[in-house]
Amino acid sequence: MVFVPVKPDATTPQVIQLFTSKVVILGLLFTATIWCGRLYKAARHQSAINKHWANALRTFQAFTKAASDDTARSAVLMETTKSIFAITPSGYLENESSPDGGLKIVEVVKHATQAVASVK
């Protein structure tokens with residue numbers, strides 16, 4: 001045995017103790033590796049979500065500054081709020097589903113054009 005050196009004069013209980021200790025140590029190392037991997041994936045997921053929120057908030061601020069009237073501003077507010085707080089899959093977690101409703105950018109543009117047309 002290369003990995004577990006057993007003395008030639010070892011008794012059966014000694015061999016069992018030797019193999020059991022090696023199995024326990026390998027099990028602990030395997031469990032620690034899995035645990036660290038899951039913590040890493042959770043940290044990367046949080047990083048991706050926080051980056052998404054920061055970008056969405058910057059975009060929201062830019063859109064609200066660019067909106068000329070209250071109707072367009074409220075439409076932008078409604079859609080960007082949905083976008084910011086929607087559950088977005090980061091790809092790091094298992095059993096992550098995609099959001100039910102997508103962004104309704106076409107509706108925002110339609111409301112904005114209607115608002116601009118009603119002002120004229």
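Guide: pLDDT is the predictor's confidence in each residue, on a scale from 0 to 100. Across this predicted chain, the mean pLDDT is 79, and 82% of the residues reach 70 or more. Residues are numbered from 1 along each chain as its sequence is written, and side-chain values use heavy atoms, leaving out hydrogens and water. As this is a predicted model, local features need pLDDT of at least 70 and side-chain atom pairs count only at pLDDT 80 or more, while totals for chains, interfaces and linings use all residues.

The chain holds 3 helices and 0 strands (DSSP runs of H or I, at least four residues, or of E, at least two, numbered from the N terminus). Read from the N terminus, the order of elements is α-α-α. Of the 120 residues in the chain, 14% are buried (under 20% relative accessible area; exposed is over 50% and partly exposed lies in between, with a 1.4 Å probe and protein chains only).

Now to H2 itself, residues 70-85. Ala72, Ala75, Val76, Glu79, Thr80, Ser83 and Ile84 are the buried residues of H2. Together they cover an arc of only 155° around the axis, which puts them on the same side of H2 (the arc is that of the directions from the helix axis to the C-beta atoms). An α-helix has 3.6 residues a turn, so residues three or four places apart point the same way. On the other side of H2, Asp70 and Phe85 are exposed.

Leu57 belongs to helix H1 and is partly exposed, at a relative accessible area of 42%. Thr71, also found in H2, is partly exposed as well, with 47%. Thr71 and His111 are separated by 40 residues in sequence but by 8.0 Å between their C-alpha atoms.

A friendly caution on confidence, then. Among the elements of the chain, helix H3 (residues 105-119) has the lowest mean pLDDT, 67, while H1 has the highest, 89. Where pLDDT is low, the predicted coordinates should not be read in detail.
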